[in-house]
2 protein chains.
Amino acid sequence: MNKVLVIGLGVIGASFSYALKRKNYYIYGVDKDSETIKYALNKGIINEGSIDIEEFLNKADIIILAVYPKDIYNILENYKFNKKQIVTDVSGVKEELVNIVNDLDLECKYVSIHPMAGREKSGIMYADASRFIGANFLIIPTNKTDDLAIEEMKKLAKALDFGNISIITADYHDKMIALTSQLPHALAVALVLANDDENTVDFIGDSYRDLTRIAMINHKLWQELFKENKNNLIKNIENLTKKLDNIKDCLKNDDYLQLEEMFKQSTIKRELMNKKKVAR
Amino acid sequence: MNKVLVIGLGVIGASFSYALKRKNYYIYGVDKDSETIKYALNKGIINEGSIDIEEFLNKADIIILAVYPKDIYNILENYKFNKKQIVTDVSGVKEELVNIVNDLDLECKYVSIHPMAGREKSGIMYADASRFIGANFLIIPTNKTDDLAIEEMKKLAKALDFGNISIITADYHDKMIALTSQLPHALAVALVLANDDENTVDFIGDSYRDLTRIAMINHKLWQELFKENKNNLIKNIENLTKKLDNIKDCLKNDDYLQLEEMFKQSTIKRELMNKKKVAR
């Protein structure tokens, strides 16, 4: 199964295309913007391209929906994929999506994936074949997923040089992603909006810079992701606020031993994450 | 004035030494650990070294106190610098320090600086002569600062390839640094401590990784910095919590237009910081 139709040549779809094409997958690329298709063909990101999904509908073994969540539903309703085909998406939130897919009457196989390699920049000009090296790859089965579909996703992940591969439920995915993806974005946005001093730029070092880079955010995409993971994100904001309140209480009570204890704990926990990563 | 005594060869003191020595400053290095002195001499980080401050006390034109805040006071009380010497420190919080220096009876000149190029790693083995390129450099005068002292600090900053140089009051420094330095560290620590799932590492991407790197924190140094900037930091934690609550309210009220508006604002503000940086 090496013919892949990528629908949506944004930064993720185009990076997938670019990297898979180098590993001898044959890539059909579809995007609503004809300029994007021209660019993709010129740069060798895809083998064939079109603005019309129909053109490649029956030619591909694997279909990757690299579009906004609501466009995924439109495509699944309006196009018919056959029973030999495996359809997947790279959306950042899964529970609602998997529920909808489970209820749909589809002939094709469907398995959801989450390549954890987003960037603050969007668009095909940021396509990068090496962006997935060592990154986490999550596979989220639906009731239309069989062993073959999972194997093909693992093959994709390996071809793209992803690091750890996890197979998990949509429910667990969304709980964890609220913590590791939506919450950091909420923090970055809050941090940038927390002051209005015009001279802030003269006072920033690497810490502020690193923590706020993702405050440059694709507003359409991320309001959808926040919306779809609303309840988990609210809980995570509340957990985070509690920890911030703990730090504030240490300061108010001049309890610097307790503060130091929190710093020691966070250091140990974060260092362990580096070690686990290297061990794999 | 090109003879510099650096007291404390941790990551910042050693990086200063390393970089200034390459620019033809003559560096006397003092550290309480004799192994550190050996290392510094072997690596060519300093010209001469000792564990005894007295040895170089009268030889240097400029003295850089690259030690913890409380050690700064010990040194100023126990050693006598002469009226031609300029003493400075690289501490991350200034108001309390400048107040104390203002009240001291010192013969030497004293001007405080803040090189905004900290790292999560401590120790001389992380010394890096190129770490200051393009970074912000803050000069904080005391009542023992004259024009010559400020000029010499500017020369240092230029020799070290810092970017923007600001001359500011201790009060304003601490307000801004609570926002751009202590608050990001508080956020990173809170984020790492906000969950206990052992599998978190399998779900992290660049955003979580970037936002939590500084949760690996020098607990002794940072509890001192938090303590000395306590009131500003409490205010900043409260401001940040308000913005997080705004995001939470958008979610609870399903007000995604308002959420998108916050994303647009944070994007504009953060992009402007990149542009201002490049413009300099």
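I began with chain B, where eight strands form an open sheet of mixed pairing, in the order S3-S2-S1-S4-S5-S6-S7-S8. Strands (E, at least two residues) and helices (H or I, at least four residues) are DSSP runs, numbered from the N terminus. Two strands pair if DSSP finds at least two bridges between them. I noted which strands of chain B stand at the edges: strand S3 (48-50) and strand S8 (165-167) each have a single partner strand, so one side of each is left without a neighbour in the sheet. The twist averages 20° from one strand to the next; angles run from 0 to 180 degrees between N-to-C directions, and axes are lines fitted to C-alpha atoms, for helices over the stretch in contact.

I recorded that the model is predicted: local features need pLDDT of at least 70, side-chain atom pairs count only at pLDDT 80 or more, and totals for chains, interfaces and linings use all residues. Residues are numbered from 1 along each chain as its sequence is written, chains are lettered from A and ligands numbered from 1 in the order in which they are written, and side-chain values use heavy atoms, with hydrogens and water left out.

**Chain B, details of the sheet**

I looked up strand S2 (residues 26-30) of chain B and found that three bridges join this strand to S3(B), in parallel. Val30(B) has Ser50(B) in S3(B) as its bridge partner. I then found helix H3 (residues 69-78) of chain B packed on the sheet, where it touches strands S1 (3-7), S4 (62-65), S5 (86-89) and S6 (109-115) of chain B. The direction of H3 makes about 140° with that of S4(B). Contact means heavy atoms within 4.5 Å.

**Chain A**

I turned to chain A, which has an open sheet of eight strands in the order S3-S2-S1-S4-S5-S6-S7-S8, with mixed pairing. Strand S1 (residues 3-7) and strand S2 (residues 26-30) of chain A pair in the parallel sense over five bridges. In S2(A), Gly29(A) is the bridge partner of Val6(A). Helix H4 (residues 95-103) of chain A packs on the sheet against strand S5 (86-89), strand S6 (109-115) and strand S7 (137-141), at about 170° to the direction of S6(A). H6(A) lies across S6 and S7 of chain A and runs at about 145° to S7(A).

**Between the chains**

How do H6(A) and H6(B) cross? I found that the axes of these helices, residues 170-193 in each chain, come within 12 Å and cross at roughly 160°. That makes H6(A) roughly antiparallel to H6(B), a term for angles over 145 degrees.

Phe203(A), Phe263(A) and Arg270(A) supply 9% of the area that chain A buries against chain B, more than any other three residues.

Key:
Angles under 35 degrees count as roughly parallel, over 145 as roughly antiparallel, 65 to 115 as roughly perpendicular and the rest as oblique. Buried area is the accessible area (1.4 Å probe) that two parts lose on being put together, summed over both.
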